[in-house]
Amino acid sequence: MTQDGHWHGQPPWHGPPTRQNQEPDWVRHTRKWRNRGDGQPLRRHPEDRLAGGIAAGIAAWRGWSPTTVRIVLAVAAFISGGWAVPFYVLGWLLIPVKGQETSIATRAKHDSRGVALALALASVLGVFLFLAGAFNNTAIESYGWPQVFSLAGLTLIWRNAPENERAGMRRLVQPLVGGGASARRATRLRFAGAAVLLAVGLGWLLSLRGGTQLLQPLGGFLLVAAALVLLFGPWWLRIARDLMLERQARARAEERADIAAHMHDSVLQTLALIQRRAEDPQAVVQLARAQERELRSWLFEGRAPGDTDISTFAEGVRQIQRDVEALHGIPVEIVTVADCPLDEHLNALLMAAREATVNAAKWSGAAVISVYAEVEPDKVNVAVRDRGKGFDPAAVPGDRKGVAESIHGRMSRHGGEATVQSAPGEGTKVTLTMPRRAQSDSAGRSEPAEQAKGQQR
Amino acid sequence: MSATSGPPRVVLVDDHGIFRSGVRSELGTRVEVLGEADDVGPAIELIERVLPDVVLLDVHLPGGGGQAVITEVKKEHPEIKFLALSASDAPEDVIAVIRAGARGYVTKTISTTELADAIKRVADGDAVFSHRLAGFVLDAFASAPSPDDVKPSFDPELDQLTTREREVLRLIAQGYTYKEIARELFISGKTVESHVSSVLRKLQLSSRHQLTRWATERRLA
C-alpha cells in the first residue's frame, strides 16, 4: 500500500461521509461514546480480514472483538434473507482500506468494461433465479435475488481492487481452482462431480412442487450439501488453516512483547543506571554483573527475577553467587556440574560453601572468586578459590579461626570433609566434600567411610 | 603457517558492531585484524577471501549461528582455526559450536590480555577452554551415565574422559591457568595442553548417545 497509491491522475473521490475533514458536529459529539475504538474514521482492515476486512474494520473502529462483529454479520445475513450480503459488498466498494483515501468504487467508475461484465453476470444469475422462481422454489428465490447485486459488486471489486488485495483474493480462491497440471485435473474432476451432484440435488428439490413425500427433500438436501462440500471443502480448510496461522502469529507477537517488556524493565533500566554512574567503576561492574546474572537465569533457567525458591543444589550455589556479589561487590565465577535435589546434608554443605565464599570476599582482596561445584553419583564437591593474599594456616588470626571452625564443624557434623589450602601470597582454596546419602540408586558407596578425617593442612 | 612469525592474522565475526570495534581497538597490535563480518554469509565470503589464521566467532549470529560458518569454511579450508566467544551462552549452543570444529571457547567478559593470549594459543594449534566451557564439558561427559551408555559405541575410548582429563578440566573450571594446573598436578605445561586437546578431540568425534541426549535435555529443561 504505497502512500501515494491513490493518485491515479484523477481527482480524489470525496468518499464516505465519515471522513475526518468533513466530519459533521454530531460525529464529534458521539466521539466520547465510542472512545473504546481507535478514534479513526471507519476503514477496512487490510491485515485481519476474511473477505473485505469490513468486520475487522468495524471492530477496530468501535473497539469490539472482530469475532463478535463477524458473528453478528453472519446472523444478519441469514435473518435479512440474504440482503446483508450486498450491503457488505457495497461497503467493500465504498470504504477505503486503512491508510488510504480512495475506495475501490473510485476506480470502478472508470472501468466501463467491468461495469458491463458485472451487469452481464448479474443478469445471468437473474435469469437463473427467474427460472427457479418459475419452479416455484421460494427459498432459493428469496435468498438468491439480493445476490444479483452482490455478484455485480464483487465483479467490480475483483477487477478494480488494489494489486495487494487482489493477490489476497487470489490466494483465497486458489484452493477452489487449484494449481499445477495434476491438481488442475483433480479440480476438473471435482467440479464435474459437484456439478452432477448439484444438478441432481437441485432437480430433486425443485421437482417437489406438490410432493408430500418426506424422503424426497431429505435426499435432495443431502446431495446439494455433498456438492457444496466437494466444491468448497478445500477452501474451508484453507480458511481454517489461515485462522490457525493467524492465531500462532499473534501468540508469537505477544511473546515478543513480553520479551520487550522484560528487556525494558531490566536491561534498559540497568543500562541507564550504568550511564549515570559511569564515574564509579566498581558500581558499574556490580550493576552489570547483577544484570547479567538475572538475564542469564531468566533466559536459561526460566526463572523470573526475584524468584528465590531453591530446590536443587546448583540453584543453591547460584544463590550464594547472587548474595555475595550483591553484598560484597566482588564477582563470583561459578561452574556447576550436574545437579541433584537438596537435603539437610547438602544444605549444610551450601552453608559451609557460603561461609567460605564470604570469607574470600571479605579477606582475600582478590578481584574474583571462583566457586566450582560438582555433583557426583556418590558425593558432592565444592571448591572455593581465590588468588588473593592468602594466609599461613598454622598462624590463623583469631577472627578467622571461628569461621574456619564453622566450616569444618558444620561439614564434619554431617559426615563431610573440609580442607583449606593457603599460603601467604598464594591465594586460598577451600575444598568441601559431602557424601550423598542413599536416597536413590547409588547407595553402597555413599556411606561415610572417610568422614572422620576432620581438619588438616 | 604464519602464526609463528608476527602477530596472528584474525577475522572478527560478530553481529554487534560495538563489540567488534571494541575488540579491535583493545587488541591493538597484538593481532592483525584482516576484516570484520556481521553475519554468516558475509563471514564465509570474507574468510575464504583473506584466509586468516584465526576467526574470532560469535556463537550467536542471526543467519544460522557460528557453527554454520565453521561447517562451511572447514569444507574448503580445514586449516583455518576458530575461537568461539559469546556473552550469553546456553551450554548446548556452545557445545554445538565446539563440535562443529571450533578450537576453543571464551566468554565476552574475558580480559584483553587473556583474549590475545587465547587467540595466539589457538593460532598455534592448541585448544582454549574457558572455565565455563570446562564445566559444560564435564557436565556433558560426566553427569549421570545412563543405562544406554553402559555398552558404549564402537569406539569406547572416545566416549569417556580419562581420570587425568577430568582432573585437568576440573581445575580449569575452578579458574586455574594451564601453568597453575601443571604445578598442581606435577606435570608439564605441554602435558596439560595435550590433555585439553584430547578432550577437544573426544568432544568433536564422539558419537556418544549421551552428548546428544544431554543437549536435548538441556534444551527441554
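1. In this predicted model, strand 5 of chain B, helix 5 (residues 112-123) of chain B and strand 6 of chain B make a β-α-β unit, and the unit is left-handed. A colleague reading the structure may wish to begin here, with the pairing of the strands. Strand 5 of chain B pairs with strand 6 (residues 128-129) of chain B in the parallel sense, over two bridges, and within this pairing Gly104(B) stands opposite Val128(B).

2. Strand 5 of chain B also has a partner in strand 4 (residues 81-86) of chain B, to which it runs parallel and is joined by four bridges; here Ser86(B) is the residue opposite Thr107(B).

3. A salt bridge of another kind of placement is found between Glu180(B) and Arg387(A), whose closest N and O atoms are 2.6 Å apart. Glu180(B) belongs to helix 9 (residues 178-185) of chain B, while Arg387(A) sits in the loop between strand 3 (379-386) and helix 14 (398-413) of chain A, so the pair joins two chains. Glu180(B) is buried, at a relative accessible area of 16%, whereas Arg387(A), at 43%, is partly exposed.

4. Within helix 8 (residues 163-173) of chain B, Glu167(B) and Arg164(B) lie three residues apart, about one turn of the helix, and their side chains meet in a salt bridge of 2.8 Å, N to O. Both ends of this pair are partly exposed, Glu167(B) with a relative accessible area of 28% and Arg164(B) with 29%. Elsewhere, Glu374(A), Glu376(A), Lys379(A) and Arg170(B) are linked in a network of salt bridges, and over all chains the structure holds 21 salt bridges.

5. Chain A has 14 helices and five strands, and 39% of its 457 residues count as buried. Of the contacts in chain A with a separation of 6 or more, 63% are between residues 24 or more positions apart. The chain exposes about 25900 Å², with carbon and sulfur atoms supplying 63% of that area.

6. As an example from the buried part of chain A, Leu350(A) has its place in helix 13 (residues 344-364) of chain A and counts as buried because its relative accessibility is 10%, where the cut-off is under 20%. Leaving aside residues up to four places away in sequence, Leu350(A) touches Phe313(A), Gly316(A), Val317(A), Ile320(A) and Leu342(A). Val382(A) is 32 residues from Leu350(A) in sequence, and the two C-alpha atoms are 8.7 Å apart in space.

7. The surface of chain A carries a nonpolar patch of about 540 Å², made by Ile71(A), Val75(A), Phe78(A), Ile79(A) and Tyr143(A). Helix 3 (residues 66-79) of chain A contributes the largest share of the patch, namely four residues. Val75(A), which is found in helix 3 of chain A, is partly exposed, with a relative accessible area of 43%.

Note on methods. Residues numbered from 1 in each chain as written. Chains lettered and ligands numbered in written order. Predicted model: local features only at pLDDT ≥ 70, side-chain atom pairs only at ≥ 80, totals over all residues. Heavy atoms only, no water. Buried < 20%, exposed > 50% of the residue type's maximum accessible area, 1.4 Å probe, protein only. Contact = heavy atoms within 4.5 Å. Areas by Shrake-Rupley, 256 points an atom, 1.4 Å probe, with all protein chains shown as cover. Pairing = 2+ DSSP bridges. Right-handed = clockwise from strand over helix to strand, strands pointing away. Patch = residues over 30% accessible without salt bridge, like charges linked within 9 Å, V, L, I, M, F, W, Y side chains within 5 Å. Salt bridge = Lys/Arg side-chain N within 4 Å of Asp/Glu carboxyl O.
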